[in-house]
Every structure is written in structure tokens, then in C-alpha cells.
Amino acid sequence: MQTTLPNGLRVVIVPDRLAPVVSTEISYLAGSAAAPAGFPGTAHALEHMMFRGSQGLDRDQMAAIGARLGGSYNADTTENVTQFFYTAPAENLDVLLHIEALRMKGLTLAAEDWAHERGAIEQEVSRDLSSPGYVYLARLQSILFAGTPYDHDALGTRASFDRTDTAMLRRFYRDWYAPNNAILVITGAVDPTATLDMVRAAFGSIPARRLPPRPEIHPGPVHAQTLRFPTDYPVGLVAIASRMPGQNSHDYAAARILADVLSSQRGALYELVPQGRALLASFDFVTKADAGIGIAIAAFPNGGSPAPLQARMKEILRTLRENGVPSDLVEAAKRKELAQLGFAANSISGLAESWSEAQAVMGLQSPDDEATAFATVTPEDVNRLARQVLDPQQSITAILTPRDGGHPVTDKGFGGSESFASAPDHPVALPQWANDSLLALHPPVPVGTPATFTLPNGLRLIVRPASVSHTINLYGTIRQNEDMQEPPGKEGIADITDELFRYGSTTHDRIGLQKAFDDIAATESAGADFSLSVLTPDFARGLDLLAENELHPALPESAFRIVRANTAASVSGLLHSPDYLFTRAVQAAVSPPGDPSLRQPDPARIMKLSWADCRAFWAAAYRPDLTTIVITGDITPDAAYTAVRHAFGAWRATGPTPVVDLPPRPDSRTQMTRVPDPSSMQASVSLPESLALTVANPDHFALNMGNEILGSGFSSRLYRDLRVRTGYVYTVRSHLTWKRNRSAYSISFGADPDKVAAARTAAVHDIMAMQTQPVSADELAMARAGMLRSLALQSASLDTIAAAYLHFSDLGLSLDQNDIAAQAYYTMDAVTIRDAMRKWIRPADLAQIVKGPPAAP
């Protein structure tokens with residue numbers, strides 16, 4: 001259902017029967033491009049202030065509501081759109097609509113609130129500026145879009161935030177945050193007619209406003225140049241970037257297809273990897289409304305020369321530009337894009353996102369219009385665009401060269417989730433409309449267990465049917481642990497073996513197998529973790545191909561030599577990167593000397609590994625009796641069982657069952673470790689310790705509840721005391737990690753170096769308070785409501801449903817673990833939480849590992 005209210009608010013309501021869950025996503029059609037000159041972060045700042053209270057809903061009430069909802073709530077700002085999204089139980093839709101209506105109607109924008117939030121945003125800027133990848137992209141954007149509102153990204157700068165005041169924020173809010181400049185998308189278990197009545201009641205009285213002229217983006221010509229960046233990545237990168245059409249361009253569908261072709265594993269760019277010329281290769285399409293950025297990227301070893309790789313990449317792009325892209329890859333990309341649109345209904349929040357993107361960013365009526373655009377793309381359209389955007393005279397080349405002391409490519413953290421909303425430190429009286437909807441918790445209704453089967457060969461199959469789209473997802477995992485299963489001196493053989501699954505089967509070579517999946521628009525991966533996403537009519541064919549790849553991998557010797565060399569080169573850089581050293585220091589802090597988890601590969605030993613070592617590891621570690629498969633989607637349990645038994649039933653385990661679980665470990669003791677990272681402006685801190693209990697101990701439910709109150713989310717004590725009250729940190733969380741035989745607890749935060757000690761002291765104080773006094777009735781009520789509702793929300797996506805089943809299976813728990821947890825949380829009392837925290841958490845034993853710049857004197 002689509003309609004426009006008299007005040008101009010566009011409303012889209014899309015029912016989805018997957019779960020009793022609802023998502024709302026409201027998009028304001030203004031972002032950083034509309035910011036005043038010299039203040040690129042204005043829209044981002046206002047995004048944060050939307051969580052600081054409005055008339056009829058103060059900041060503490062908003063935080064308390066968010067905690068009780070138990071769902072995900074967040075926001076993001078791009079150059080053209082600012083979006084706010086909630087996912088919650090469907091029965092609480094009225095609460096979500098009240099929040100958004102009050103924020104649209106009258107934001108508080110108090111100077112005191114902005115003073116607090118300014119510091120938080122500046123910490124966020126420091127976090128992102130600690131990433132060489134962010135620094136590169138920011139510089140690239142400033143070149144490609146010089147002289148336009150796109151020449152800064154949406155984050156903003158510390159200098160501009162220092163000069164921003166609430167009067168400026170109020171002007172931006174008054175100009176752009178109006179119903180006639182917003183699109184509200186609601187998806188999930190809703191009745192469209194009743195939902196529209198609720199929307200009218202909440203938003204109908206908000207008046208429309210006259211909107212300012214929208215900024216126009218008309219980039220000038222780009223002249224080729226080469227940039228050089230020292231980084232702390234473990235590998236070097238060559239990146240060749242071009243300006244691409246934006247999401248509202250008539251050429252956008254062709255641009256997406258071109259990007260898919262360039263990133264195809266059958267394409268010439270990816271071919272650099274199996275040829276041994278690159279450690280990785282891909283093509284990334286950074287999309288924006290009025291323009292985009294395409295980046296061909298490939299990696300070379302730390303200490304190697306980028307020149308040969310750069311020359312080969314330029315030759316590949318030149319050939320594609322002059323001779324055209326392969327027409328069969330164009331057709332494969334079209335099939336895959338059309339298929340992916342069909343998977344949107346498998347996630348309630350994903351469905352909201354796809355409709356919001358179509359309407360708010362692309363200017364379409366629905367994702368169906370996007371499908372029509374993809375269907376009409378021709379190879380000639382793609383080749384015409386390739387000739388335009390792959391022009392070497394308009395490309396920006398960047399060489400990102402490793403230096404000692406830095407981060408690996410992954411897990412840098414820039415551009416991650418926002419962190420905002422103040423946490424109440426006292427009981428909060430909710431508005432009546434929220435009180436009525438949120439405070440009454442009903443006894444948990446058991447969700448029940450999925451259909452389960454065990455094949456004669458020991459393979460476990462779990463099936464969760466869902467008739468929300470004509471798609472089927474399969475997720476599989478083989479219980480493996482390289483620390484326990486790699487023979488002494490053979491460290492690295494597990495990763496090499498896993499990577500070789502990309503090189504085809506004994507029936508199809510690498511290209512042939514990928515083409516077979518492309519022909520049915522399926523996405524597949526094989527190895528220790530394997531998966532298949534496919535349209536329902538093609539499930540049998542996709543499953544046969546997956547089984548072929550998984551059970552009969554080619555493991556070619558020629559590819560083994562290339563993967564071995566690439567692995568050794570990657571490990572050589574990784575071993576010196578601060579992120580690896582940080583992770584290893586955390587592991588060493590909670591594990592005894594000589595623990596199997598402390599094994600690490602060595603480049604020289606990797607180069608001595610043999611093809612026979614690879615095949616021996618595959619034969620011993622890949623076995624059905626350690627395998628679990630979860631199937632979700634448009635299929636019945638019996639049909640799934642029949643298909644899986646046909647495809648995987650002949651698989652047989654040989655030899656004794658390997659031991660894959662790490663042994664129990666003693667309690668860890670405190671220690672201090674510093675990992676220098678000259679590229680970071682912030683310190684990343686972990687305070688870890690081992691725990692003596694395992695997930696099988698019922699006390700773990702009380703610890704989970706205590707952790708929710710102490711350090712999980714915007715309304716936690718750690719967030720309140722380390723972020724809101726003191727400004728010591730930008731983000732802070734506490735974590736519980738559960739394994740079959742061992743567990744761990746940790747607190748992690750990011751802070752300026754001179755604030756690390758104070759933040760640790762405050763964190764330890766909060767732990768000890770949890771162990772001394774029972775939590776308040778208000779905290780317990782918020783935690784109970786939040787955790788019960790969050791359990792319910794796990795059913796809002798087929799991906800999260802499958803992930804939960806695989807997780808429970810890996811831990812050796814029953815598949816109704818969420819029902820057991822819900823009953824435990826519903827009956828949990830404050831004394832039980834205090835006693836569990838006192839018994840198991842040891843503040844004096846927390847280690848401290850700091851990665852970042854030197855502390856200020």
C-alpha cells in the first residue's frame with residue numbers, strides 16, 4: 001500500500017508474514033549535501049540530536065523506550081538522505097510511530113544536549129580518521145567531486161562541529177525535517193488499513209513546510225593522478241577509481257551490472273588471484289544518489305612492488321573498455337540482480353531498507369521498478385558506460401603501501417554503527433502511550449523447534465520453512481578447529497585447504513562451476529562453512545552443484561602452489577600488523593602459555609607445506625558426522641530431507657572422529673599490554689578475562705542479564721558512566737563469549753589515549769557495584785523487556801534464524817534454547833544477577849590491552 005497524506009508525507013506499507021515483527025524506516029530527503037558551506041557534518045549532527053529528546057518525549061524517556069523495545073534502532077546520514085530505523089515486535093508499532101511523529105513535530109535541540117553530543121561526534125570523527133581506508137576514500141571523494149556538495153563525505157569535521165551551534169541545527173531542522181520531505185516505510189506483520197489509520201493519527205496534524213531549493217551536483221572534469229598513502233594494512237593495495245552514475249541516474253542499472261561484471265569470479269580482474277598476481281582482487285561500487293564511485297582494487301605482498309600489479313590492472317581495464325565486456329557475464333549479472341530482489345522479503349528490516357532505497361534514494365515507486373531497469377539493460381548499454389567511466393585519463397590511482405605498526409584490512413571499524421542516545425540513570429516515567437504498550441510483559445510463548453533429521457552418515461539437517469518468497473537458503477558448517485586439528489608444524493594448512501574450494505570440483509573447473517551457478521542466479525560458497533542462496537525452482541540443481549563442490553573439490557596442485565604462496569605472503573604482513581598483535585595479546589591474556597589457541601602460522605613453514613598435507617587435512621577434517629545443515633525458505637521439511645539425502649547421503653567419514661573442542665583453561669590473571677599503532681588517533685582497549693563456567697551452566701543466563709544491564713547497549717551502566725556522564729569514550733560494550741569448554745568476559749572501548757586509565761577505573765567501579773548491590777527494579781524491568789523482545793526479533797530474518805540454529809548446534813545446546821532463555825529471563829530476579837556477577841566476574845583479574853597512539857604526557 002502506498003499513499004500520500006495531505007501534509008505531503010509519503011507512506012509505504014508492505015506486509016511480510018515472516019514473524020510478528022515490524023520495521024519502520026523514515027527517510028528525510030536531506031543529507032550532508034544540503035549543509036551550509038563549511039559545515040559538512042550538519043546533517044550528521046542533527047541525526048544525533050534526534051535521539052536527544054523532543055516535545056512530549058525527553059531524552060531519558062527515549063532511551064528507556066529503546067531499552068524496553070529490545071529491537072535494533074539506529075540511523076545513518078548520507079549525502080542526500082538521513083534515515084532513522086526501528087525494528088520491534090509488531091504489537092509495539094504504535095510506539096515507533098509516536099517516536100517518529102514527535103521527533104518530526106518538535107525536536108528539543110537544547111544547547112546543553114548539543115554540548116554533550118558534540119564531544120561524542122568528535123570521538124566518532126577520530127575513530128574514522130584512524131582508518132587509512134577512510135582517509136583514502138575521503139581524499140578520493142574530494143577529488144572526484146571537487147567544487148560540489150559531495151566533496152566532503154557525510155561524517156563532518158571536528159573543526160566544523162566546534163563552530164556548530166544549536167541555532168544552526170535548528171535552521172537545518174526547520175528547513176528539511178518536514179512531512180512533505182519525508183518517506184515512511186513500514187514492513188512486517190501489519191494490517192495495511194489499520195496501520196495507515198495509525199499513521200494518519202500520529203502524523204496527520206503536522207503541517208507541511210516550504211522547502212529550500214535542493215543542492216545540485218554537477219562535478220567538473222577529472223584529471224588522472226596518482227595518490228600514495230602509507231597504511232598499517234598487512235598487505236599493499238592498488239586502487240584505480242572512476243566516477244560512476246548515481247542511483248537516480250537512468251544509467252544506474254547499467255552501472256550496477258558493469259560493477260557485477262568487473263567483480264565476477266569469472267572476470268579478468270578476479271583472475272589475477274588464481275594467476276598468483278594478486279592476493280585479492282575485486283571491484284567496489286560506492287553508491288550515492290547523484291553520483292557514484294567505482295574502484296578496482298587488488299592487493300600485493302607487504303614489501304613487494306606495486307608496479308607490475310598496477311600495470312596489469314590498467315591493461316585489464318583498458319581491454320574491457322576497448323573490446324567490451326563479455327556478454328555472458330552481463331546476462332549472468334542481470335539474472336543475479338533480479339534474483340537478489342526476491343530475497344528481500346526474507347528479512348523484515350531488509351525489506352524496509354530496499355523500499356526506502358528505491359523511493360528515497362533512487363526516485364522509484366518500488367523495487368519492482370528496479371527489476372524492470374535491470375531487465376532492460378543490454379551488453380551495449382554496459383559497454384557504452386564502460387567506455388565512459390573506465391577512461392584512464394579520468395581515473396584516480398592510489399597506492400596504499402604497508403608500513404610497520406598498523407592495522408590489517410578487516411575490522412578497522414570506520415563507518416560502523418552510530419552511538420547515541422543518553423542513558424537514564426534513574427527510574428523514568430514513560431508517556432502513557434508508551435507505558436500501555438511496553439510495560440505489560442506476557443509470559444513467554446514457546447516458539448518451538450524446527451524440523452530436524454539425522455542422515456545415516458551422521459549429518460544433521462535442520463529445516464525452518466517460510467513462505468514469504470520463492471527462495472531457499474542453505475547454511476552449513478563442519479565443526480573444525482585448526483588449533484586442535486592442524487598437525488604440529490603444519491599451521492596454515494586449514495586456511496589453504498578451505499581456500500582451494502574456490503577452484504572447482506572434480507567435474508567442473510573453477511570457471512565452469514561458477515558459470516553453472518551463474519546460470520541459475522545462485523550464490524554459493526564451499527568449505528568448512530558453506531552456503532547456497534537460490535530461487536525455489538532451481539534448488540535441486542543448486543544443491544547438486546553445492547554437494548559436488550563440497551564433497552568432490554578439485555584441490556588442484558597448481559592452485560595449491562599459488563594459494564600457498566599467497567597465504568604465506570599475507571601471513572608475513574599480518575604477523576606485524578597491530579590488529580593481529582592486539583587480537584593475539586587478548587587471546588594470550590586469557591589463555592595459559594602453550595595453549596593450542598596460541599598457535600600461529602609462520603611464512604617459512606607455510607611454504608614447506610605440501611599438496612599431500614592439504615589432501616590429508618581435507619580427508620581427516622571434512623566429514624559428515626561433524627556437519628550441520630540448516631535450510632530456510634520456500635520448502636517443506638520432507639522435501640528438504642529428500643533433497644539433502646540425495647545430494648549428501650553418500651558422504652562417508654573415515655578414521656577416528658577428531659577432537660575439535662579446546663580443553664578447559666584455568667582462570668586468567670591481570671596483565672598489561674600495549675600495541676603501538678601510529679595510524680590511530682584513538683586507543684582501542686580490551687579488558688578481558690577467562691571465565692570458569694560454560695554455556696551449559698544455568699548461571700550463564702544470569703550473567704547474560706547482568707551484562708545487558710552493565711554494558712550491552714545505549715542504556716547500560718558503562719555507556720552512561722563512560723560516555724554520557726564523563727565523555728571518556730565514544731563507544732563501550734561488555735561481552736560474554738561462550739564455547740563448549742571455555743568462556744570469557746571482556747569490556748571494550750575506544751577513547752583518547754589520555755582517558756584510558758580513567759575509563760578503566762570507571763568500568764571496574766561499575767562491575768563492583770553490580771556485585772555489591774542488586775540492580776534496581778527499573779533496570780531489571782528494562783533488561784527483562786529488552787532481552788525478551790530481542791529473542792522474539794531473532795525470527796525477523798531467515799539469516800538470523802539459521803545463524804541461531806547453527807550456533808546452538810555448535811555449542812551442543814538444544815534448538816529450543818531461546819525458549820529456555822526466555823523463561824529464565826522472565827523469572828530472573830535482581831539477587832540472582834548480583835550473586836552470579838559476584839561469583840564469576842573477577843574485576844582484579846581483568847587484563848588491559850591497548851592498541852593506539854602513545855598516551856599523552
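Modeller: We can begin with the radius of gyration, which is taken over C-alpha atoms, and the globule rule that goes with it is 2.2 Å times the number of residues to the power 0.38. This is a predicted model, in which local features need pLDDT of at least 70 and side-chain atom pairs count only at pLDDT 80 or more, while totals for chains, interfaces and linings use all residues. Residues are numbered from 1 along each chain as its sequence is written, and side-chain values use heavy atoms, with hydrogens and water left out.

Biologist: What radius of gyration does the protein chain have, and what would a compact globule have?

Modeller: The protein chain has 857 residues, and because a compact globule with that number would have a radius of gyration near 29 Å, the value of 27 Å agrees. Taken along the principal axes, the C-alpha atoms fill a box of roughly 70 × 65 × 65 Å.

Biologist: How many helices and strands are there?

Modeller: There are 31 helices and 24 strands, where helices (H or I, at least four residues) and strands (E, at least two) are DSSP runs numbered from the N terminus.

Biologist: What percentage of the residues count as buried?

Modeller: Of the 857 residues, 59% count as buried, and buried means under 20% relative accessible area, with exposed over 50% and partly exposed in between, using a 1.4 Å probe and protein chains only.

Biologist: And which residues have the most contacts inside the largest nonpolar core?

Modeller: Those are Ile-631 and Phe-648, in a core of 96 residues. The largest share of this core, nine residues, comes from helix H9 (residues 252-263). A second, separate core has 71 residues, including Ile-348, Val-695, Trp-840 and Ile-841. A nonpolar core here is a set of buried Ala, Val, Leu, Ile, Met, Phe, Trp, Tyr and Cys residues joined through side-chain atoms within 4.5 Å. In soluble globular proteins, nonpolar side chains tend to be buried together.

Biologist: Which residues is Phe-648 in contact with?

Modeller: If we leave aside neighbours within four places in sequence, the contacts of Phe-648 include Leu-455, Phe-530, Leu-543 and Ile-629, and also Asn-457 and Glu-550. Contact means heavy atoms within 4.5 Å.

Biologist: Switching topic, how many aromatic pairs are there?

Modeller: The count comes to 16 aromatic pairs, by a rule in which rings of Phe, Tyr and Trp (its six-membered ring) pair if their centres lie within 6.5 Å, and planes under 30 degrees apart count as stacked, over 60 as edge-to-face and the rest as tilted. Tyr-136 and Phe-229 have ring centres 5.8 Å apart and planes at 80°, so the pair is edge-to-face. Tyr-136 lies in helix H5 (residues 132-144) and Phe-229 in strand S9 (residues 225-231), so that the pair links parts of the chain 93 residues apart.

Biologist: Are Tyr-136 and Phe-229 buried or exposed?

Modeller: Tyr-136 is buried, with a relative accessible area of 5%, and Phe-229 is buried as well, at 14%. For another pair, Tyr-252 and Phe-285, the ring centres are 6.0 Å apart and the planes lie at 35°, so the pair is tilted.

Biologist: What about Asp-799, where is it?

Modeller: Asp-799 belongs to helix H29 (residues 798-811) and is partly exposed, with a relative accessible area of 45%. Its side chain makes a polar contact of 2.3 Å with the side chain of Tyr-475. A polar contact is a pair of N or O atoms within 3.5 Å; within protein, one must be able to donate a hydrogen and the other to accept it, and residues adjacent in sequence count only if both atoms are side-chain atoms. The C-alpha atoms of Asp-799 and Asn-473 are separated by 8.3 Å, although these residues are 326 residues apart along the chain.

Biologist: And which side chain does Thr-87 join by a polar contact?

Modeller: The side chains of Thr-87 and Ser-23 are joined by a polar contact of 2.7 Å. Thr-87 sits in strand S7 (residues 82-89) and counts as buried, because its relative accessibility is 11%.

Biologist: Last one, how many residues of helix H1 are buried?

Modeller: Eight of the eight residues of helix H1 (residues 42-49) are buried, among them His-44, Glu-47 and His-48.
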